[in-house]
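Subject: Structure for your review

Hello,

Here is the structure we talked about handing over. My notes on it follow below the entry.

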Amino acid sequence: MARLTDTDRGTRADMDSFAGGYFRNAVYRHWDPDEVDIAGDRRELLDYEESFSGEEFDMLRLAVARFGGGEEAVTEDLMPLGLALDGTDEQLFFTTQLYEEAKHTRFFDRYWEEVLTPVAEELGVEVTEPTDERYLNDDYVALFDAVERSMASLLDDRSPEARARAYSHYHIVAESVLAQTAYYSLQSAFSSSGDDDVVTRPRSKLPNLDGLVGGIARIRSDEGRHVGFGMHQVRKLIQEDNVDEAVVREVLTELMPHVAGIFTDIEGPVDHGALVSYAREKLTRRLDIITEADAEVPPVDDLVAIERAG
């Protein structure tokens with residue numbers, strides 16, 4: 001067998017680099033989706049049967065179905081991005097992201113199987129599957145179709161502009177704005193420490209779903225890294241590869257109506273206006289970091305804390 005030259009091997013991973021630091025953080029913060037205690041959520045939902053109506057229970061199923069579907073979609077769709085990465089440390093981090101998206105998919109699947117389906121059976125309501133098309137509205141389908149197309153385009157075009165579009169589709173819009181807003185909504189509605197300005201009814205009338213909220217906290221910790229990595233990559237493409245920031249703004253202009261549309265048919269105990277405002281604030285903060293010359297992507301631990309806090 002011929003020996004590999006330094007050129008064949010490529011560069012070694014730099015654990016002191018931005019991506020290397022994010023990789024090490026991902027390893028340190030590993031968690032198992034099968035070890036999150038969700039059993040108490042079944043009891044809470046049944047105890048609140050009278051005040052948390054069958055219609056609202058189905059809205060909870062809708063939210064979990066959309067989360068699970070989104071995580072599964074990106075687990076499948078992100079692969080072309082790995083081929084477009086140059087640095088070994090970037091590729092190492094990317095493998096942690098794929099692994100974590102798969103973990104998130106597993107958590108939401110498990111929540112459906114072990115909490116939502118048994119509660120539906122106990123309440124005597126229709127048992128459904130998380131893949132049921134009733135849970136995926138047109139804006140949801142349009143947004144994730146756009147994410148899929150942007151990632152698939154990297155198989156033929158790995159130019160800086162194509163990579164900037166792909167990061168903007170997934171890391172900035174789908175993961176940072178859409179997912180973080182949805183997580184914020186669920187944590188506000190079903191946690192005693194949630195934001196009271198978002199819920200539309202007394203918290204005493206809502207179940208505390210500590211299992212769901214606990215899983216979401218771990219997921220947001222993972223996604224804080226994903227979002228930070230994507231912002232860093234887009235910022236680098238603008239500053240070092242001369243990608244026009246209009247490329248990023250074009251993606252955001254195209255996708256933000258879909259983000260708003262995804263929440264329009266969720267009639268749960270949350271204020272939709274507050275959620276849209278939260279999403280816009282998220283987007284503004286991300287754009288400031290990406291486009292301002294003297295701004296910096298926060299260190300990984302700071303960004304994780306920011307995402308977990310909302």
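Helices α7 and α10 cross with left-handed geometry. The model is a predicted one, and in it α7 and α10 (residues 245-262) pack at an angle of about 145°, their axes being 8 Å apart. On the α7 side the residues involved are Asp139, Tyr140, Ala142, Leu143 and Ala146. They meet Glu254, Leu255, Pro257, His258, Val259, Gly261 and Ile262 of α10.

For leucine 212, the contacts beyond four places in sequence are Asp41, Leu60, Phe107, Phe108, Tyr111 and Leu186.

Next, the aromatic rings. The count of aromatic pairs is eleven. One of them joins phenylalanine 107 and phenylalanine 108, edge-to-face, at 5.4 Å centre to centre and with 70° between the planes. Phenylalanine 107 is buried because its relative accessible area is 0%, and phenylalanine 108, at 2%, counts as buried too.

Tryptophan 112 and tyrosine 135 make another edge-to-face pair, with centres 5.7 Å apart and planes at 70°. This pair connects distant parts of the chain: tryptophan 112 belongs to helix α6 (residues 88-123), while tyrosine 135 is in the loop between α6 and α7 (138-152), 23 residues away. Tryptophan 112 and tyrosine 135 are both buried. Arginine 134 sits over the face of tyrosine 135, at 5.9 Å from the ring centre. Elsewhere, a single aromatic cluster is made up of Phe18, Tyr22, Phe93, Tyr167 and Phe229.

Leaving out residues up to four places away in sequence, alanine 120 touches Phe57, Arg61, Val125, Glu126 and Val127. Its C-alpha is 9.1 Å from that of aspartate 58, although alanine 120 and aspartate 58 are 62 residues apart in sequence.

Regards

Key: Residues numbered from 1 in each chain as written. Predicted model: local features only at pLDDT ≥ 70, side-chain atom pairs only at ≥ 80, totals over all residues. Heavy atoms only, no water. Phe/Tyr/Trp six-rings, centres within 6.5 Å; stacked < 30°, edge-to-face > 60°. Buried < 20%, exposed > 50% of the residue type's maximum accessible area, 1.4 Å probe, protein only. Helix = DSSP H or I, 4+ residues; strand = E, 2+ residues; numbered from the N terminus. Lys NZ or Arg CZ within 6 Å of the ring centre and 35° of its normal. Contact = heavy atoms within 4.5 Å. Axes fitted to C-alpha atoms, helices over the stretch in contact; angles between N-to-C directions. Left-handed = near helix turned anticlockwise from the far one by under 90°.
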